[in-house]
Amino acid sequence: SDGKWRIMSCAFMTPGKRVDLTGRVLVALARRHPRQAIAWTHIGDGAARSQVDAEVRRLPANVEVTLMGNLPHGAVLAHYASQPVDLFVHLSAREGLPMSIQEALAHGVPVVACDVNGVAEAFDATCSQGALLPVGAPLQSAVAAVEGLLLAPPQERAARRTRAWQHWQTHFDAQRNHARLARLLSAL
C-alpha cells in the first residue's frame, strides 16, 4: 500500500536462467519511471552471479536490490508469508515447470515468465495470472509486460492475484492433487 513496486525472482544464477535479463528489465523499467520506488528481491546464487552483479550496478537509484543467495525452501515460503510481493519475474530460457512459479502463484503473486517447456502450464488460456512471453522476445516486450501489470488499476491487480491463487489451487495444490490421484487410482 506504500506505492513501491516489489518484484521478486527466484532461480539459480546460471546462464540459462537469465537472472541478468531480469536486471536489464528493471534497469529499463526504473529509467522509464524515475520517481517510482522499486524493490527487487532475488533468491538464488550461482555461476552467473557476476553478470547479475553487473546489472545491479547499472540500476538507477530508485531501485533497491536484495540478493538473498541460496535459501532453504522454508525460508522462501517464509519470505512470501512475511513480505509483500507485487510481481514474480522468471525469464529463464530453460525450464520444466518451475516450482518457483508455483510458489508465487500459491501466494497470489502474478507471474511474468518465458514460454518454455512446461511453463505455460502455470497459466490459463488467457494468461490471466500474469504474462507469458516468447523466449526470444525483445527486452522491451518484457519491460512492457512488467510495466502493464504493475500499472493496472488496483481492482484489476487484486483480481489477478486472486486468479493466480485460484489457478495454483486448482492445478498445483498437492493435497488436492493427491486426493484426485487417489480417486483415479481407486476407480481403476
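Which element supplies the largest share of the lining of the second largest pocket, and how many residues come from that element?

A: The model is predicted, so local features need pLDDT of at least 70 and side-chain atom pairs count only at pLDDT 80 or more, while totals for chains, interfaces and linings use all residues. Residues are numbered from 1 along each chain as its sequence is written, and side-chain values use heavy atoms, with hydrogens and water left out.

The largest share comes from α4, with 3 residues. Both α3 (73-82) and α4 (99-106) supply at least two lining residues each; helices here are DSSP runs of H or I with at least four residues, strands are runs of E with at least two, and both are numbered from the N terminus. A pocket is an open set of points on a 1 Å grid over the protein atoms alone, where a 1.4 Å probe fits, with protein on both sides within 12 Å along at least five of seven lines; lining residues have an atom within 4 Å of a point.

The second largest pocket has 17 lining residues, and Cys10, Ala11, Phe12, Ile43 and Ser100 lie nearest its centre. Its volume is about 250 Å³, taken as the space filled by probe spheres set on grid points joined across faces, edges and corners. The lining comprises 9 nonpolar, 5 polar and 3 charged residues; Ala, Val, Leu, Ile, Met, Phe, Trp, Tyr, Cys and Pro count as nonpolar, Asp, Glu, Lys and Arg as charged, and the others, Gly among them, as polar.

For reference, the largest pocket has a volume of about 340 Å³, and its lining has 8 nonpolar, 2 polar and 7 charged residues.
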